[in-house]
Amino acid sequence: MKILIKLGGTLLDDADSRQSMAAQIAAARARGCATVVVHGGGKQMTRYLSDRGVESRFVDGLRVTTPETMDAVLKVLAGSVNHELVASLNRAGALAVGLSGIDAFLVEAEQMDPALGAVGRVTRANPALLHLLTGSGYLPVVACVAGDRQGHVYNVNADQMAVACATAFGAQQLIFLTDVEGVLDGAKCVLPVLTAAESERLIGEGIATGGMLAKLNAARSALAGGVPQVRIAPGAAENVLDRILAGEPIGTRMVHAL
């Protein structure tokens, strides 16, 4: 089975949490899952910039990416965050390889809006490198940075990067491990199963907002792109990945239709 796991930056900020995630991912790979990891790092980025007196600005949840911010994206997101995760995965025996979308044109992008600076909109994903690595027993670990054919570099939303890689890779399941319990209904209860149409209703009624709205839009894009199911689950839950792959109803499982 092919799976793509998207890790939120919060799960990677603590060494114990990072190592727990790494051990679970390595175990899934050892059981025969062809696995790709995409990770964020927004919390680490904000801290890095703040330490240097740079205020982070966001528009509709997207970080305005000035040249100074782009430098931090490369140093932190594609640098320390990616390398620390790769080191943890290798410690767990996973044979991880750190990448970004720039490598071999894995993910191509274009500028989304000049007002946002170097924020990219994904235009294409080229999965040959993912197939080559996973087919040879390696675990690709992708930072959410993309480029174009003219050599420009873009900061890409991590959820959208995960969707692009999952659809191109042909993943049977896209798993968002995040800092929420799952998708909540109007009564603040976790929905165990959610269809694409039902997610639109949650957005339309203002129940899903902010980060969850972005997650649901990303999940619907993945389903429309051919990924059979998307899971949104709490990354901090004990053995969460093992439980998901064993079929336990943890978090919210999204499908195109029932």
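Helix 3 passes helix 4 in a right-handed crossing; a crossing is right-handed if the near helix is turned clockwise from the far one by less than a right angle, and left-handed if anticlockwise. This is a predicted model, in which local features need pLDDT of at least 70 and side-chain atom pairs count only at pLDDT 80 or more, while totals for chains, interfaces and linings use all residues. Residues are numbered from 1 along each chain as its sequence is written, and side-chain values use heavy atoms, with hydrogens and water left out.

**First stop: helices 3 and 4**

Select residues 42-51 for helix 3 and residues 67-91 for helix 4; their axes come within 10 Å and cross at roughly 130°. Helices are DSSP runs (H or I, at least four residues) numbered from the N terminus. Axes are lines fitted to C-alpha atoms over the stretch in contact, with angles from 0 to 180 degrees between N-to-C directions. Helix 3 and helix 4 are therefore oblique to each other (under 35 degrees counts as roughly parallel, over 145 as roughly antiparallel, 65 to 115 as roughly perpendicular and the rest as oblique).

Next, display the side chains of Gln44, Met45, Tyr48 and Leu49 in helix 3, which meet Thr69, Ala72, Val73, Lys75, Val76 and Val81 in helix 4. By class, this contact has seven nonpolar, two polar and one charged residues. Here Ala, Val, Leu, Ile, Met, Phe, Trp, Tyr, Cys and Pro count as nonpolar, Asp, Glu, Lys and Arg as charged, and the others, Gly among them, as polar.

**Second stop: asparagine 82**

Remain in helix 4 and select asparagine 82. Asparagine 82 has a relative accessible area of 2% and is buried (under 20%; exposed is over 50% and partly exposed in between, with a 1.4 Å probe and protein chains only). Beyond its neighbours within four places in sequence, asparagine 82 is in contact (heavy atoms within 4.5 Å) with His39, Val76, Leu77, Gly98, Leu99, Val141, Val142 and Ala143.

Move to helix 7 (residues 196-204) and helix 8 (residues 210-224), whose axes come within 10 Å and cross at roughly 155°. Helix 7 and helix 8 are therefore roughly antiparallel, and their crossing is left-handed. Show Ala196, Ser199, Glu200 and Ile203 of helix 7 with Leu213, Leu216, Asn217, Arg220 and Leu223 of helix 8, which make the contact. These residues divide into five nonpolar, two polar and two charged.

**Last stop: the cysteines**

The structure holds zero disulfides (pairs of cysteine sulfur atoms within 2.5 Å). Select cysteine 33, whose nearest cysteine sulfur, that of cysteine 165, is 18 Å away. Cysteine 33 is buried at 12% relative accessibility, whereas cysteine 189 is partly exposed at 42%.

Key. Helix = DSSP H or I, 4+ residues; strand = E, 2+ residues; numbered from the N terminus.
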